Amino acid sequence: HYFVCFTSEATSLAAGHADLVHHSDETFQWQNEIVNPLKIEFPRSLVEVVVYWNIPMHKMLKKYVYQPSLEGGRWFAVFMTYFVSALLHGLNFSLSAVILSIGIYAYIEHVLRKKLSRTLNACIKSRRCQEHECSHFYKENSFIAISINLLFSMVAYFHLAYLGALFGVANEFE
């Protein structure tokens, strides 16, 4: 899916449909990003995979499902978001199971990394700290942060490969 999105994004840019924002530091930023393949192929966490797989869908689900569901608690909001995502993907049990599993794994990873980040005072949360806002003692380029982030990246690879394998096997039986 993300390959198709990336190809359509590249085609749009090549055709001249650029929506660029000019920043004061003389840089430009592409505003119509649909997918970010590098963050999917080399994820820091499962959270990055989910966010960058389909950016417009992520933004829509966050605004219209996750944020309104926060009244029921963070876990409820995450579950509702992944449940709605599974419904939007159709009534395919194996795909729904994979999506809900990614939601559970991503939530557990997010909570664990947040606690570890506080305990170790290291830049190891699921999402990178903003450069100018990072108050951790161990910055992203420190040995401890690199090691822990690499470990969690390996866990994300394992989870994605495992869930992909289950999805492939489930389709053979349908």
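The model is predicted. Its largest pocket has a volume of about 1,600 Å³, and helix 6 supplies the largest share of that pocket's lining, nine residues. Helix 6 spans residues 93-120; this helix also packs with helix 3, with the axes 8 Å apart.

**The largest pocket**

- The volume of the largest pocket is about 1,600 Å³.
- The lining consists of 44 residues, and V47, V50, V51, H58 and Y82 are the closest to the centre of the pocket.
- At least two lining residues come from each of helix 2 (37-41), helix 3 (46-53), helix 4 (55-69), helix 5 (74-88), helix 6 and helix 7 (143-173).
- Sorted by class, the lining has 23 nonpolar, 12 polar and nine charged residues.

**Helix 3 and helix 6**

- The angle between helix 3 and helix 6 is about 125 degrees.
- Helix 3 is therefore oblique to helix 6.
- On the helix 3 side, the contact is made by L46, V47 and V50; on the helix 6 side, I102, Y105, A106, E109 and H110 take part.
- This contact has six nonpolar, one polar and one charged residues.
- V47 and V50 of helix 3, which make part of this contact, are also among the residues closest to the centre of the largest pocket.

**Residue S96**

- S96 lies in helix 6.
- S96 counts as buried because its relative accessibility is 17%, and buried means under 20%.
- Apart from neighbours within four places in sequence, S96 is in contact with A86 and G90.

Note on methods: Residues are numbered from 1 along each chain as its sequence is written. This is a predicted model: local features need pLDDT of at least 70, side-chain atom pairs count only at pLDDT 80 or more; totals for chains, interfaces and linings use all residues. Side-chain values use heavy atoms; hydrogens and water are left out. Helices (H or I, at least four residues) and strands (E, at least two) are DSSP runs, numbered from the N terminus. Buried means under 20% relative accessible area, exposed over 50%, partly exposed in between (1.4 Å probe, protein chains only). Contact means heavy atoms within 4.5 Å. On a 1 Å grid over the protein atoms alone, a cavity is a set of points where a 1.4 Å probe fits but cannot get out, and a pocket is an open set with protein on both sides within 12 Å along at least five of seven lines; lining residues have an atom within 4 Å of a point. Grid points are joined across faces, edges and corners, and a volume is the space filled by probe spheres set on the points. Ala, Val, Leu, Ile, Met, Phe, Trp, Tyr, Cys and Pro count as nonpolar, Asp, Glu, Lys and Arg as charged, and the others, Gly among them, as polar. Axes are lines fitted to C-alpha atoms, for helices over the stretch in contact, and angles run from 0 to 180 degrees between N-to-C directions. Angles under 35 degrees count as roughly parallel, over 145 as roughly antiparallel, 65 to 115 as roughly perpendicular and the rest as oblique.
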